Amino acid sequence: MMNASLARRTELLAAGAATVTVVLWASAFVSIRSAGAAYSPGGLALGRLLAGALVLGTICLVRREGWPPRTAWRGIAISGLLWFGFYMVALNWGEQRVDAGTAALVVNIGPILVALLGARLLGDVMPPRLLAGMAVSFAGAVTVGLSMSSGGGSSLLGVVLCLLAAVGYAGGVVAQKPALAGASALQVTTFGCLVGAVACLPFAGQLVSEAAEAPVSATLNMVYLGVFPTALAFTTWAYALARTTASRMGATTYAVPALVVLMSWLALGEVPGVLTLAGGALCLLGVAVSRSRPSSRASSRAGEAGVAGGATPGPPIATEPASCPNTGRAD
């Protein structure tokens with residue numbers, strides 16, 4: 001009973017952390033649109049990462065987190081380069097060359113790539129509900145993308161950049177998962193952010209010159225991107241990722257397009273059309289399906305069928321790989 005209660009509490013905390021991540025990442029699209037008018041793709045990425053690294057580094061010092069174990073550094077370095085560095089620059093650049101709908105459509109192949117790479121490299125289980133939910137969510141993302149596209153305004157370079165951003169995101173997620181086996185979510189996020197910031201240092205000159213001329217609102221948006229969608233959201237993401245599979249976490253991010261539509265409506269006055277709303281609803285429905293589990297009654301019937309067929313009764317088989325062990329500290 002105690003184990004079941006603890007498992008349920010852990011599941012709820014992971015779901016809450018994933019929700020925080022999705023909401024903050026959705027808000028990032030609104031802030032990027034504002035800050036991107038005054039900052040170049042590289043300068044915006046570096047400023048965002050520096051702000052995030054400052055906040056995360058301060059928290060690490062206060063908590064005396066220390067350095068991650070040597071076994072975690074490979075995953076931290078790869079995720080820092082691909083996700084914190086390459087992904088942010090490519091996405092910022094791509095969104096300057098394609099409309100928001102096209103960018104959302106292309107980048108949303110990322111969760112599919114995460115699922116494929118997770119199954120291949122991490123041994124993630126791909127239950128039918130996860131696959132069905134991802135299919136529904138992707139259909140919703142396509143609907144949102146088509147409804148928001150400006151029709152013919154997309155450049156080939158912009159599409160390629162968004163595609164590369166999706167590949168960088170997927171590679172970063174899959175590399176990050178093993179690192180969480182020996183390091184805390186805070187350590188993985190902090191040092192991944194630092195690696196990304198170092199990789200973006202060639203853009204320091206652009207950042208300095210642009211910050212001198214940028215309006216205060218654009219700079220505040222850049223700082224917001226570093227503190228909340230980066231420092232906080234990437235940490236809550238790592239916390240949840242350590243307690244579930246990469247494939248399931250990737251599917252959760254399909255809620256982002258629906259939230260972007262809602263936030264653009266509330267913050268920017270961009271009233272969505274019927275097709276956009278329908279696509280957003282499909283995204284949320286797909287996430288709900290992908291994160292649902294078979295009913296206990298169905299599981300019982302399956303177990304009874306197994307016993308009737310001559311199978312030896314025993315403990316239920318986990319539908320997901322066991323989450324990575326924690327380091328003993330609260331992340």
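Read along its sequence, this protein follows the pattern α-α-α-α-α-α-α-α-α-α-α-α-α-α. That comes to 14 helices and 0 strands, where helices (H or I, at least four residues) and strands (E, at least two) are DSSP runs numbered from the N terminus. This is a predicted model, in which local features need pLDDT of at least 70 and side-chain atom pairs count only at pLDDT 80 or more, while totals for chains, interfaces and linings use all residues. Residues are numbered from 1 along each chain as its sequence is written, and side-chain values use heavy atoms, leaving out hydrogens and water.

**The protein as a whole**
- Of the 331 residues, 47% are buried; buried means under 20% relative accessible area, exposed over 50%, and partly exposed in between, with a 1.4 Å probe and protein chains only.
- The protein exposes about 15500 Å², and carbon and sulfur atoms supply 70% of that area, computed by the Shrake-Rupley method with a 1.4 Å probe, where only the protein chains shown count as cover for residues.
- Among contacts (heavy atoms within 4.5 Å) between residues at least 6 apart in sequence, 92% join residues at least 24 apart.

**Aromatic pairs**
- There are 13 aromatic pairs: rings of Phe, Tyr and Trp (its six-membered ring) pair if their centres lie within 6.5 Å, and planes under 30 degrees apart count as stacked, over 60 as edge-to-face and the rest as tilted.
- One of them joins Trp25 and Trp83, with ring centres 5.8 Å apart and planes at 75°, so this pair is edge-to-face.
- Trp25 lies in helix H1 (residues 2–35) and Trp83 in helix H3, so the pair ties together parts that are 58 residues apart in sequence.
- Trp25 is buried at 12% relative accessibility, and Trp83 is buried at 2%.
- Trp67 and Phe191 make a tilted pair, 5.2 Å centre to centre with 35° between the planes.
- Trp67 sits in the loop between H2 and H3 and Phe191 in helix H8 (residues 185–199), so parts 124 residues apart in sequence are tied together.
- Trp67 is exposed at 67%, whereas Phe191 is buried at 10%.
- One aromatic cluster includes Trp25, Trp83 and Tyr169.

- Arg64, in the loop between helix H2 (41–63) and helix H3 (73–95), has a positive phi near 55° though it is not a glycine, and is exposed at 77% relative accessibility.
- Arg243 lies over the face of Tyr239, 3.8 Å from the ring centre; a charge sits over a ring if NZ of Lys or CZ of Arg is within 6 Å of the ring centre and within 35 degrees of the ring normal.
- The structure holds 0 disulfides, a disulfide being a pair of cysteine sulfur atoms within 2.5 Å.
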